[in-house]
Amino acid sequence: MQSGHYKEYDRTNAFYRAMGFLELECLPTLWDEWNPCQIYVKYISGDSGQREIKE
């Protein structure tokens, strides 16, 4: 989305993408042009991997 503004954002964006997040939207003027509001999303399964304990 807003890569290239400064390296901190580029590293953060790369981290979120590496963790499986998808870019949803960018609101470039919500705060200011050098601090765009970036919205990432990630699908979370209802199966958290926890097992039910049966007694």
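**Figure 1. A polar contact of 3.2 Å links the side chains of Asn13 and Gln38.** The model shown here and in the other views is predicted. Gln38 belongs to strand β2, which covers residues 35-41. With a relative accessibility of 19%, Gln38 counts as buried, because buried means under 20% relative accessible area.

**Figure 2. Helix α1 covers residues 7-18.** Helix α1 has twelve residues, and at 1.5 Å a residue these should span 16 Å. After α1 comes Gly20, which has a positive phi, near 95 degrees.

**Figure 3. Phe15, Tyr16 and Met19 make up a nonpolar patch on the surface.** Together, Phe15, Tyr16 and Met19 have about 290 Å² of accessible area. One of these residues, Tyr16, is found in helix α1. Tyr16 has a relative accessible area of 31% and is therefore partly exposed. The reason is that partly exposed residues are those in between the buried ones, under 20%, and the exposed ones, over 50%.

**Figure 4. Arg17 and Glu23 meet in a salt bridge through their side chains.** The N to O distance in the salt bridge of Glu23 and Arg17 is 3.1 Å. A salt bridge needs a side-chain nitrogen of Lys or Arg within 4 Å of a carboxyl oxygen of Asp or Glu, and the pair of Glu23 and Arg17, at 3.1 Å, is a case of this. In general, side chains of opposite charge can pair when their charged atoms come close. A search of the whole structure finds one salt bridge. Arg17 is partly exposed, at 37% relative accessible area. Glu23 is likewise partly exposed, with a relative accessibility of 34%.

Figure 5. The structure holds zero disulfides. Cys26 is in no disulfide, and its nearest cysteine sulfur is that of Cys37, 7.4 Å away. The cut-off explains why: a disulfide is a pair of cysteine sulfur atoms within 2.5 Å. Cys26 is buried, with a relative accessible area of 19%. Cys37 is also buried, and its relative accessible area is 10%.

Definitions and conventions
Residues numbered from 1 in each chain as written. Predicted model: local features only at pLDDT ≥ 70, side-chain atom pairs only at ≥ 80, totals over all residues. Heavy atoms only, no water. Helix = DSSP H or I, 4+ residues; strand = E, 2+ residues; numbered from the N terminus. Expected span 1.5 Å × (residues − 1). Patch = residues over 30% accessible without salt bridge, like charges linked within 9 Å, V, L, I, M, F, W, Y side chains within 5 Å. Areas by Shrake-Rupley, 256 points an atom, 1.4 Å probe, with all protein chains shown as cover. Buried < 20%, exposed > 50% of the residue type's maximum accessible area, 1.4 Å probe, protein only. Polar contact = N/O pair within 3.5 Å; in protein donor to acceptor, adjacent residues only side chain to side chain.
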